[in-house]
Amino acid sequence: MLVPQLYLKGKCEEAIKAYENAFKTKVASVLYDEDKRPENFVVHAEMHIHDQKVMMSDWGGNISMSTDNSQQLVVIFKEQAELDHAYDVLKVGSKTVIEKGPTFYSTCLVDLLDSYGVRWCLMMNV
């Protein structure tokens, strides 16, 4: 099993809420560092995005808004309305890499770097 881990450098709790909204899911578990109160420093969190486990943490990471990431999360949708909803949530404060539209391999695709520094490709199943 291969599980992506997102390092969100102090923005994990905020990102969890955005991803729950974007992908209509709920966080499965969250472990906070009690020594870092009153901040809600997330040591470890897990959620499922389109049946894929994704782990998140406030440890490490780089929130630079460079689109030169060597990694990306690709989410393949069956319904255009679901893709549109996810994009509407994630595009706030994001940088567009590839504008939303058709490609030769998908009826709709958009590539963006969200406000947490995570690069996403949202596309329709062909």
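Q: What counts as a helix or a strand here?
A: Both are DSSP runs, numbered from the N terminus. A strand is a run of E with at least two residues. A helix is a run of H or I with at least four residues.

This is a predicted model, where local features need pLDDT of at least 70, side-chain atom pairs count only at pLDDT 80 or more, and totals for chains, interfaces and linings use all residues. Residues are numbered from 1 along each chain as its sequence is written, and side-chain values use heavy atoms, with hydrogens and water left out.

Q: What distance does helix α1 reach from its first C-alpha to its last?
A: Helix α1 covers residues 12-23, so it has 12 residues. The expected span is 1.5 Å times one less than the number of residues. That expectation is 16 Å, and α1 comes close to it, reaching 16 Å.

Q: Which residues of α1 are buried?
A: Buried means under 20% relative accessible area, exposed over 50%, and partly exposed in between (1.4 Å probe, protein chains only). In α1, the buried residues are C12, A15, I16, A18, Y19, E20, A22 and F23.

Q: Which kind of aromatic pair do Y19 and W120 form?
A: Rings of Phe, Tyr and Trp (its six-membered ring) pair if their centres lie within 6.5 Å; planes under 30 degrees apart are stacked, over 60 edge-to-face, the rest tilted. By this rule there are 6 aromatic pairs. For Y19 and W120, the centres are 5.2 Å apart and the planes 70 degrees, making the pair edge-to-face.

Q: How many residues apart in sequence are the parts that the Y19 and W120 pair ties together?
A: Y19 is buried at 0% relative accessibility, and W120 is buried at 1%. Y19 lies in helix α1 and W120 in strand β8 (residues 119-124), so the parts tied together are 101 residues apart.

Q: Is the pair of F23 and W120 stacked, edge-to-face or tilted?
A: F23 is buried too, with a relative accessible area of 8%. The ring centres of F23 and W120 are 5.1 Å apart and their planes are at 40 degrees, so the pair is tilted.

Q: Are α1 and α2 roughly parallel or roughly antiparallel?
A: Axes are lines fitted to C-alpha atoms, for helices over the stretch in contact, and angles run from 0 to 180 degrees between N-to-C directions. α1 and helix α2 (residues 80-90) pack at about 155 degrees, with axes 7 Å apart. Angles under 35 degrees count as roughly parallel, over 145 as roughly antiparallel, 65 to 115 as roughly perpendicular and the rest as oblique. The two helices are therefore roughly antiparallel.
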